[in-house]
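Look at the structure before reading on.

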Amino acid sequence: MVTFPNAKINIGLNIINRRSDGYHNLETVFYPVNIKDGLEVAEAGELSFSTSGIEIPGFANENLCLRAYERLKKDFGIPPVQIHLHKQIPIGAGLGGGSSDAAFFIRLLNDKFALNLSTEMMEDYARELGADCAFFIKNQPVFAFGKGDEFEDITLSLKDYFIVLIMPPVHVSTGEAYRGVKPSQPRTSLKDLIKSPIEEWNPVIKNDFEESVFKNHPSIRGVKAALYESGALYASMSGSGASVYGIFKDSVDLSGLEKDNKVFYNV
């Protein structure tokens, strides 16, 4: 069986306070975008995991797909599988690629082995793997709060807009991004701000990571500025970076940015 896990962008990201468990309370809007990995699973004599495409750093046995497999195997005794992941979603980009792979893998195993897991049950398994994993079970726009794993449905569609995502050749670790943030309670909740027209999102909808990340990586600030100079209605870094997206009314040529960055059009 084959599935195609997609990325997400954050529209706004407010870091509110630090929790006693070491995480942070935050609020953001998760919006799925059309940049996808490929994930294939087949029954096998023994468990195996292989990759192609973008090189994935770290140890293969720490991949979230394998952690998801072991968690479901513990509860359901599912047989060994052969897993192949073709990586296309940029890594260290704030796009949730690894979380998406894990969530889609849970969905795939649920279908393949007829586990009869409800959406809520799959979300609970996904929450054990990472704060934003559960979003990709339903994979639809939500207002996310808590540590990013509690959701409220929202009405938001960007299908009539042209979204461009830029990935600079920069890696921003999540730890680095959080170290530079000063948590604070926003004056107005993002849940209310997101209802306003896109033309009014800037500057009231913001990403709290940008201030410190831009200071340490000015090239990312430059990408955001270039998107606005090219006519973006709204532009922002996604998550803790390093990717930056722009929302345009019409298609746009950003070939001037393609020399130094990876550009994804109409995502």
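The questions and answers below concern a predicted model.

Q: Which residues does UniProt list for "active site"?
A: The annotation comes from an unreviewed UniProt entry. The record names two positions under this heading: Lys8 and Asp132.

Q: What is the largest C-alpha distance in the set spread over 125 residues of sequence?
A: Lys8 and Asp132 are the positions that UniProt lists as active site. Although they are spread over 125 residues of sequence, they cluster in space. Their largest C-alpha distance is 9.9 Å.

Q: Where does Lys8 sit in the secondary structure?
A: The residue falls in a strand that covers residues 6–18. That element is S2.

Q: Is Lys8 buried or exposed?
A: The cut-off for buried is under 20% relative accessible area. Lys8 has 4%. Because that value lies under the cut-off, Lys8 is buried.

Q: Which backbone oxygen does the side chain of Lys8 reach?
A: Lys8 is in contact with residues beyond its sequence neighbours, including Gly94, Leu95 and Gly96. With one of them, the side chain of Lys8 comes to 3.0 Å from a backbone oxygen. That oxygen belongs to Gly94.

Q: Is Asp132 buried or exposed?
A: Buried requires under 20% relative accessible area. Asp132 has 18%. That value is under the cut-off, so Asp132 is buried.

Q: Which residues does Asp132 touch, not counting those up to four places away in sequence?
A: The list includes Lys8, the other position in the UniProt active-site annotation.

Q: How many disulfides does the count come to?
A: A disulfide needs two cysteine sulfur atoms within 2.5 Å. For Cys65, the nearest cysteine sulfur is that of Cys133, 9.3 Å away. For Cys133, the nearest is that of Cys65. The count comes to zero.

Q: What is the relative accessible area of Cys65?
A: Cys65 is in no disulfide. Cys65 is buried, and Cys133 counts as buried too. The value for Cys65 is 0%.

Q: How far apart are the end C-alpha atoms over residues 191–252?
A: An unreviewed UniProt entry lists these residues for "domain: GHMP kinase C-terminal". Over them the chain is 42% helix and 15% strand. The end C-alpha atoms are apart by 29 Å.

Note on methods:
Residues are numbered from 1 along each chain as its sequence is written. This is a predicted model: local features need pLDDT of at least 70, side-chain atom pairs count only at pLDDT 80 or more; totals for chains, interfaces and linings use all residues. Side-chain values use heavy atoms; hydrogens and water are left out. UniProt positions are given in the numbering used here, feature names are shortened, and annotations may be inferred rather than shown by experiment. Helices (H or I, at least four residues) and strands (E, at least two) are DSSP runs, numbered from the N terminus. Buried means under 20% relative accessible area, exposed over 50%, partly exposed in between (1.4 Å probe, protein chains only). Contact means heavy atoms within 4.5 Å. A polar contact is a pair of N or O atoms within 3.5 Å; within protein, one must be able to donate a hydrogen and the other to accept it, and residues adjacent in sequence count only if both atoms are side-chain atoms.
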